[in-house]
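Please examine the sequence and the structure shown here before reading on.

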Amino acid sequence: MSKEAAMTLHAEPDDVARSDALAGCECGHCGRRYFPKRTVCTECGSDGAMADVAIEGPGALYSHAIVQIAPKIFEVPYAVGYVDLPGDVRVLGQIVDWDRQPLKQGMKMQIDHAPIATEPDGSKRVSFVFRPAAD
Ligand SMILES: [Zn+2]
């Protein structure tokens, strides 16, 4: 994975207002929401009409995979998945606590933030994550 692609998969903790939400944007023209943020709406083509918005959970697990082979900074195995969040926003992210119950399509997932990797200097990389929610 390129560095650019890796950076799109996580948001800096300072970039979100709350630990249970993602810092997204909403098109002022058509209302389409995005995470991560972008400047041009791919739904209606509007440019410069985006406003910051908190993308909140819970969402529904769309699909997932268990990663067995990864760069050294990640502890394997770990789970990643697409979660459909309110506002028609589908987000790819790591899933924590995936080994406590079977992951199933449609199960409720909440947004949280947690360490997802250990950098070469020993510091932790914190990112948004998805966590199975209690029903
Ligand atoms: Zn739009």
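The text below describes an open sheet, its pairings and the nonpolar core.

The model is predicted. Three strands make up an open sheet, ordered E2-E1-E3, and their pairing is antiparallel. E2 and E3 stand at the edges with a single partner strand each, so one side of each is left without a neighbour in the sheet.

Strand E1, residues 21-27, is mostly covered, since five of its seven residues are buried.

| Partner of E1 | Residues of the partner | Sense | Bridges |
|---|---|---|---|
| E2 | residues 33-34 | antiparallel | two bridges |
| E3 | residues 50-56 | antiparallel | seven bridges |

Gly24 has Val53 in E3 as its bridge partner, while Cys25 has Tyr34 in E2 as its bridge partner. E1 and E2 also form a hairpin, with five residues between the two strands. In the turn of this hairpin, Gly31 has a positive phi of about 90 degrees.

Which residues have the most contacts inside the largest nonpolar core? They are Leu22, Phe35, Val83, Val91, Val129 and Phe130, and the core has 20 residues. Two or more residues of this core come from each of the elements E1, E3, E5 (78-85), E6 (89-95), E7 (108-118) and E8 (124-132).

Leaving aside residues up to four places away in sequence, Phe35 touches Leu22, Gly24, Ile55, Val89 and Val91. Among these, Leu22 and Val91 are also listed with the most contacts inside the core.

Definitions and conventions. Residues are numbered from 1 along each chain as its sequence is written. This is a predicted model: local features need pLDDT of at least 70, side-chain atom pairs count only at pLDDT 80 or more; totals for chains, interfaces and linings use all residues. A residue is buried if 20 or more other C-beta atoms lie within 10 Å of its own, exposed if 12 or fewer, and partly exposed in between; C-beta atoms are placed from the backbone. Helices (H or I, at least four residues) and strands (E, at least two) are DSSP runs, numbered from the N terminus. Two strands pair if DSSP finds at least two bridges between them. A nonpolar core is a set of buried Ala, Val, Leu, Ile, Met, Phe, Trp, Tyr and Cys residues joined through C-beta atoms within 7 Å. Two residues are in contact if their C-beta atoms, placed from the backbone, lie within 7 Å.
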